[in-house]
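Please look through the sequence and the model below.

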Amino acid sequence: MLKISFTSDPLPTQGALVLTVAEKGSLGAQGAALDKKLGGALTRAMDNGGFTGAKEKTLTILSPSPALTRIVLIGMGEPEKADAALWARIGGTGMAALSGKDVTAYLLIDTHKGLDEDTAEAAAQAALGARLRSYRFDLYRTKQKPEDKPALKNLIVASSAGKTAASRYAPLDKVADGVELARDLVSEPANVLTPAALAQQAKTLEKLGVKVTLLDAKQMKKFGMGALLGVAQGSPNPPYLVVMEWQGKGKKAPLCFVGKGVTFDTGGISLKPPAGMWDMKYDMAGSAAVIGAMKAIAGRKAKESVVGIVGLVENMPSGTAQRPGDVVTSADGQTIEVQNTDAEGRLVLADALWYAQKFFKPRAIVDLATLTGAIKVALGSDYAGLFSNDDTLADRLSQAGKAVEEKLWRLPLGESYDRLLKSDIADMKNIGGPDAGSITAAQFLQRFIGKGVAWAHLDIAGTAWQTKDSAVIPQGATAFGVRLLDQFVAEAEGRSGD
Ligand code: BES
Ligand code: MN
Ligand code: ZN
């Protein structure tokens, strides 16, 4: 694992360096001194490479001196406009440009005109970005050559804040722990990560002081959770409902996060087509985000009380699987005609949402789910869909998402959409028509939210997995939601009185 430390020492004369450069190719104080020492090598390279210091652009200069292996210039644009998200991206992109033979690298947040003198936040965010980008999932590679493994072991983040940046970074490191756990869980194949295995992973949070309770099928049956159990009945791998409780300071009602944890979604009897079905191992990304967020929140000892609930099932076709047309009864007594067994996430969430309200009276409930392919069509992988019955909650979530660049786009709810769920035989059916698929799914969930309960639903089907590298997320599992939920909790801590 990458070891991150902080310093204000002068730049080393050997090894690899990442240096910030402001717009118009403007070097900071230390960058300029280094350039001079190297006989103008940096300015010459910027000229020849057409490098202007534009945001997140990099220019790598190999072997600028016998002892320096590489200098990566990284653009930061206008120093006045640099914010936390940009620093994280700079850390991530700088990190990616380093992948050479270097074991130790320096990342310098230089002093630039117009840049906030307090560079601790910048250094801490850059460190976070670097750590997040350095994530890899190599568990199942047995034939990796040594030269294909990352050489970098130490990242030293240098800034005028020096070692004081370490205390600013400490809570972010806990958030990164949560992101890493979520990415690991989402990356694991479904033959390994069964509902039972995922429940055991949640159990590991006990060592951070989280109270973790597992409900098995028998206990869920007692509660009448027919919606969740109906999905599970086709699989030999038994389902679990996992409840994670973090006790903060004070007696405020908790915030509650609920996650869809379908460890594999074949579609059930309404079987999905084979092409791309392997992607459905990540149909538990909502639950991974909730588990990861609980790890972050407990890791940094948040003051808010938070409850995480995940419904874990496998959706399989078999002789015991539920059939299209079956009618199931949810824990709150509503009947559902299951017209499509592939619309299973909402069935799992229905009972998990009931449990959250019944036992915790939360101040707000936020559920996360890879719920619909339609949200991918609508928003792609840049924004997750946000649905809510409460404008304040929706705004706070959007705000938190913006701050950590896990962006949300709100979509409407309304009675005319709700009507599309009308069934001829039961209280509702589990699919709407061909239109507005993400909205009718959200509408279905809302039927399980009590009067006056502030609730939001995040459809992360498009954002949970990424096919290309981006600044702070390598290709693959994104852990979308972990940083957002943590930020949402942190902002709640910052407000008094609600
Ligand atoms: N897990 C899928 C949604 C999904 C699609 C997640 C692509 C990630 C990537 C969900 O259970 C599902 O199958 N939804 C159906 C709903 C339909 C049957 C109403 C869908 O989106 O097609
Ligand atoms: Mn499905
Ligand atoms: Zn699904």
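Three strands form an open sheet in the order β12-β13-β17, with mixed pairing. Strands β12 (326–329) and β17 (428–429) stand at the edges with a single partner strand each, so one side of each is left without a neighbour in the sheet. Strands here are DSSP runs (E, at least two residues) and helices are runs of H or I with at least four residues, numbered from the N terminus. Two strands count as paired if DSSP finds at least two bridges between them. Strand β13 (residues 335–338) pairs with β17 in the parallel sense over two bridges. Glu337 stands opposite Lys429 in β17.

This is a predicted model, in which local features need pLDDT of at least 70 and side-chain atom pairs count only at pLDDT 80 or more, while totals for chains, interfaces and linings use all residues. Residues are numbered from 1 along each chain as its sequence is written, chains are lettered from A and ligands numbered from 1 in the order in which they are written, and side-chain values use heavy atoms, with hydrogens and water left out.

Next come the metals. The zinc ion (ligand 3) is coordinated at 2.0 to 2.4 Å by Lys260 (NZ), Asp265 (OD), Asp283 (OD) and Glu344 (OE). Donors are N, O and S atoms within 2.8 Å of the metal (3.2 Å for Na, K and Ca); water is not among the atoms, so sites may look incomplete. The six donor atoms around the zinc ion (ligand 3) subtend angles of 77 to 174°, which makes the arrangement octahedral. Six donors count as octahedral if opposite donors are over 155 degrees apart and all others between 65 and 115; four count as square planar by those limits, or as tetrahedral if all angles lie between 85 and 135 degrees, and anything else is irregular.

The manganese ion (ligand 2) is coordinated by Asp265 (OD), Asp342 (O), Asp342 (OD) and Glu344 (OE), at 2.1 to 2.2 Å. Its site is irregular, with angles of 71 to 167° among six donor atoms. Asp265 lies in strand β10 and Glu344 in the loop between β13 and α10 (345–360), so this pair ties together parts that are 79 residues apart in sequence.

Asp265 also bridges the manganese ion (ligand 2) and the zinc ion (ligand 3), which lie 3.2 Å apart. Is Asp265 buried or exposed? At 3% relative accessibility, Asp265 counts as buried; the term means under 20% relative accessible area, with exposed over 50% and partly exposed in between (1.4 Å probe, protein chains only). Glu344 is buried at 1%.
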